[in-house]
Amino acid sequence: MRIHHLNCISSCPVGGRLMDGISPSVLQRGHLTCHCLLIETAESLVLVDTGYGLKDVADPHGRLSEFFLTQLKPDFREEMTAIRQIERMGFDPRDVRHILLSHLDFDHAGGLDDFPWAQVHMLRAEEINATLQKTWLDRQRFRPQQWSTRKNWNLHDPGEGYNWFGFDKVQAIEGLPPEILMVPLIGHMLGHAGVAIQRDSGSWLFYAADAYFYHGEMDSERPHCTPGLELYQTMMEKNRKSRLWNQKRLRELSIERSSEVDVFCAHDVIEFERHAHRSADSEVPRVKNPMRLEHHTGIQLSPWSEDRPPI
Ligand SMILES: [Zn+2]
């Protein structure tokens with residue numbers, strides 16, 4: 001299976017260096033990625049998280065909350081949406097038949113609408129809690145405007161599951177290869193999950209999504225986070241105890257099993273560039289021999305996607 005790393009629209013948060021630790025000053029805007037994955041399996045393309053989508057770019061104020069737009073100032077460029085990057089790489093977006101969603105925050109779920117033919121997988125607890133919209137902050141972060149594909153959502157109960165490197169209730173997803181696993185990582189949200197993918201070499205990539213935000217949190221000697229991201233994570237957490245416990249487990253995994261498991265999160269630029277081998281805001285390159293499915297019976301690109309033919 002080939003695995004591709006996509007940054008589906010960067011955020012430029014207030015606080016600059018206080019957030020990302022790398023911007024020159026606190027007065028400049030910072031730089032955070034929306035790290036997504038595209039996996040080529042024998043049967044289809046699988047997208048892991050979707051970042052912001054075409055409709056978010058076209059109508060940010062209708063889709064997203066002013067609170068987060070002001071805080072994060074996403075760099076809305078259509079060419080950075082998952083669907084446009086997938087086209088640019090030489091794939092047919094209709095071959096994306098499955099989407100694994102870590103959680104329903106606006107910066108992960110925005111691209112769902114661009115793939116109305118895909119089956120979407122998430123933990124049931126995520127759908128339940130995001131739908132409740134209990135608090136003011138819930139209503140800012142969970143945006144039903146992004147949920148037109150709800151009929152395609154497959155909600156997974158962790159149930160028994162099995163144990164993977166000490167993480168339990170891990171799920172293989174029906175219809176997907178057994179090398180792709182959903183790993184519950186509760187804390188940031190009540191149904192938050194990471195995704196583990198076994199590479200052809202046998203080692204694993206482990207996308208921890210928003211279980212942590214800054215590469216320094218995985219540091220073996222001196223785990224640390226920027227003050228801005230520490231504050232942001234605290235503001236967004238749904239279960240502090242579970243969040244910190246999972247962060248500790250991820251740190252131990254990334255240190256003790258570093259040759260077997262490569263752990264990374266959604267919003268860290270340094271981690272993105274280490275995996276993608278290109279700058280986070282550069283154009284995605286074309287892929288050699290992109291996989292193509294032959295039949296697209298009944299699958300039409302959505303009106304949004306048809307605005308422009310594939311690149
Ligand atoms: Zn996020």
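Donors are N, O and S atoms within 2.8 Å of the metal (3.2 Å for Na, K and Ca), and water is not among the atoms, so sites may look incomplete. The model is predicted: local features need pLDDT of at least 70, side-chain atom pairs count only at pLDDT 80 or more, and totals for chains, interfaces and linings use all residues. Residues are numbered from 1 along each chain as its sequence is written, and side-chain values use heavy atoms, with hydrogens and water left out.

**Exercise 1.** Identify the protein donors of the zinc ion and their spacing in sequence.

*Solution.*
1. Asp-107 (OD), His-108 (NE2), Asp-210 (OD) and His-267 (NE2) are the protein donors, at 2.1 to 2.7 Å from the zinc ion.
2. Their spacing in sequence reads D-H-x101-D-x56-H.
3. Asp-107 belongs to helix 6 (residues 106–109), while His-267 is in the loop between strand 12 (261–264) and helix 11 (269–276), so the pair ties together parts 160 residues apart in sequence. Helices (H or I, at least four residues) and strands (E, at least two) are DSSP runs, numbered from the N terminus.

**Exercise 2.** Determine whether Asp-107 and His-267 are buried or exposed.

*Solution.*
1. Buried means under 20% relative accessible area, exposed over 50%, and partly exposed in between (1.4 Å probe, protein chains only).
2. Asp-107 has 6% relative accessibility and therefore counts as buried.
3. His-267, with a relative accessible area of 4%, is buried.

**Exercise 3.** State where Arg-249 lies in relation to Trp-245.

*Solution.*
1. A charge sits over a ring if NZ of Lys or CZ of Arg is within 6 Å of the ring centre and within 35 degrees of the ring normal.
2. Arg-249 lies over the face of Trp-245, 3.9 Å from the ring centre.
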